[in-house]
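Look over the sequence and the structure before reading on.

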Amino acid sequence: MATAAPSAATRIAVVTGASSGIGAATARQLAAAGYRVVLTARRKDRIEALADEISAAGHSAAAYQLDVTDRAAVDEFATAFRTIGVLVNNAGGALGADPVATGDPADWRTMYETNVIGTLNLTQALLPKLEASGDGTVVVVSSTAGHSTYEGGGGYVAAKHGAHVLAETLRLEIVGRPVRVIEIAPGMVKTDEFALTRFGGDEEKAAKVYQGVAEPLSADDVADTITWAVTRPSHVNIDLLVVRPRAQASNTKIHRDL
């Protein structure tokens, strides 16, 4: 089936966490698909550089520095729009891999605030704009961690379960309104920052996450999946799409060539 071209009324796509990884890749691909992308993240220099790159490629992009956990800032951001077509809730991340017994409550709180409350903030603020477009789409980038547990992942797993439940509940609550709710749940994705951030900059620990895995997913792989789901005809809702590399059968079953 051919990709549906974005209409004039729904061609603005807001992408959170767009300064790197999946968010940056998604912004590039949605722009190439014809959307006017609005890049948000805390790192202003990164999103401004990406907006310049996208614009230089002949597409439309704007950068807006934003902390998704700051509700006042999110509400102010939302006033800039009359309608939008797509919201990609990508901002998130993991911190630490300690067991529940010794996990840092501050890390758990930060993960919940970013992955769940940040998604809630943007969704609440922009839902009226999405509905006003007559054909809106909310994307929640969760994780396979939002669907099954693994040792050492309690805080991240709890946060991503929260993101999954948010998407599932929202879909029930707004059925009949012109807004789709799509959840994309990636498995092992190798980006420049995810594992490094999780382990506090420890490059050795970060490298071990992907050790022996010939082809983990890339940010572009996930962005391609998001863009495909968003560009389906408007009556088609991809409720949940789980995407893993071939070498990964579950969160704990991974083939490694060691």
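Which residue in strand 5 does valine 88 stand opposite? Valine 88 stands opposite valine 139 in strand 5.

## About the model

This is a predicted model, in which local features need pLDDT of at least 70 and side-chain atom pairs count only at pLDDT 80 or more, while totals for chains, interfaces and linings use all residues. Residues are numbered from 1 along each chain as its sequence is written, and side-chain values use heavy atoms, with hydrogens and water left out.

## The sheet

Seven strands form an open sheet with parallel pairing, in the order 3-2-1-4-5-6-7. Strands (E, at least two residues) and helices (H or I, at least four) are DSSP runs, numbered from the N terminus. Two strands pair if DSSP finds at least two bridges between them. Strand 3 (61-65) and strand 7 (240-243) are at the edges; each has a single partner strand, so one side of each has no neighbour in the sheet. On average, neighbouring strands of the sheet are turned by 15° against each other, direction ignored.

Helix 8 (residues 219-230) packs on this sheet and touches strand 4, strand 5 (136-141), strand 6 (179-186) and strand 7. The direction of helix 8 makes about 160° with that of strand 6. Such angles run from 0 to 180 degrees between N-to-C directions, and axes are lines fitted to C-alpha atoms, for helices over the stretch in contact.

## Strand 4 and its partners

Strand 4 (residues 86-89) pairs with strand 1 (residues 12-15) in the parallel sense over three bridges. In this pairing, alanine 13 has valine 86 of strand 4 as its bridge partner. Strand 4 is also joined to strand 5 by four bridges, and these two run parallel as well.

In a regular strand the side chains alternate between the two faces of the sheet. In strand 4, Val86 and Val88 point one way, Leu87 and Asn89 point the other way, and all are buried. Buried means under 20% relative accessible area, exposed means over 50%, and partly exposed lies in between (1.4 Å probe, protein chains only).

Glutamine 65 is in strand 3 and counts as partly exposed, at 46% relative accessibility. Leaving out residues up to four places away in sequence, glutamine 65 touches Ala41, Arg42, Lys44 and Ile47. Contact here means heavy atoms within 4.5 Å. Phenylalanine 77 is 12 residues from glutamine 65 along the chain, and their C-alpha atoms are separated by 9.4 Å.

Alanine 63 also lies in strand 3. With 33% relative accessibility, alanine 63 is partly exposed. Its contacts, not counting residues up to four places away in sequence, are Leu39, Ile47, Glu48 and Ala51. Alanine 63 and glutamate 193 are 130 residues apart in sequence, and 20 Å apart in space from C-alpha to C-alpha.

## Helix 1 and helix 2

Two packed helices are described by the angle between their axes and the distance between the axes. For helix 1 (residues 21-32) and helix 2 (residues 44-56), the angle is about 25° and the axes are 10 Å apart. Helix 1 and helix 2 are therefore roughly parallel to each other. Angles under 35 degrees count as roughly parallel, over 145 as roughly antiparallel, 65 to 115 as roughly perpendicular, and the rest as oblique.

Helix 1 crosses helix 2 in a right-handed way. A crossing is right-handed if the near helix is turned clockwise from the far one by less than a right angle, and left-handed if anticlockwise. Ala24, Ala27, Arg28 and Ala31 of helix 1 meet Leu50, Glu53 and Ile54 of helix 2. By class, this contact has five nonpolar, no polar and two charged residues. Ala, Val, Leu, Ile, Met, Phe, Trp, Tyr, Cys and Pro count as nonpolar, Asp, Glu, Lys and Arg as charged, and the others, Gly among them, as polar.

## Helix 3 and helix 4

Helix 3 (residues 71-78) and helix 4 (residues 105-132) have axes that come within 9 Å and cross at roughly 20°. That makes helix 3 roughly parallel to helix 4. Their crossing is right-handed. Helix 3 contributes Arg71, Val74, Asp75, Phe77 and Ala78 to the contact, and helix 4 contributes Asn121, Leu122, Gln124, Ala125, Leu126 and Lys129. These residues divide into six nonpolar, two polar and three charged.

Asparagine 121 of helix 4 is buried, with a relative accessible area of 5%. Apart from its neighbours within four places in sequence, asparagine 121 is in contact with Val68, Thr69, Asp70, Arg71 and Val74.
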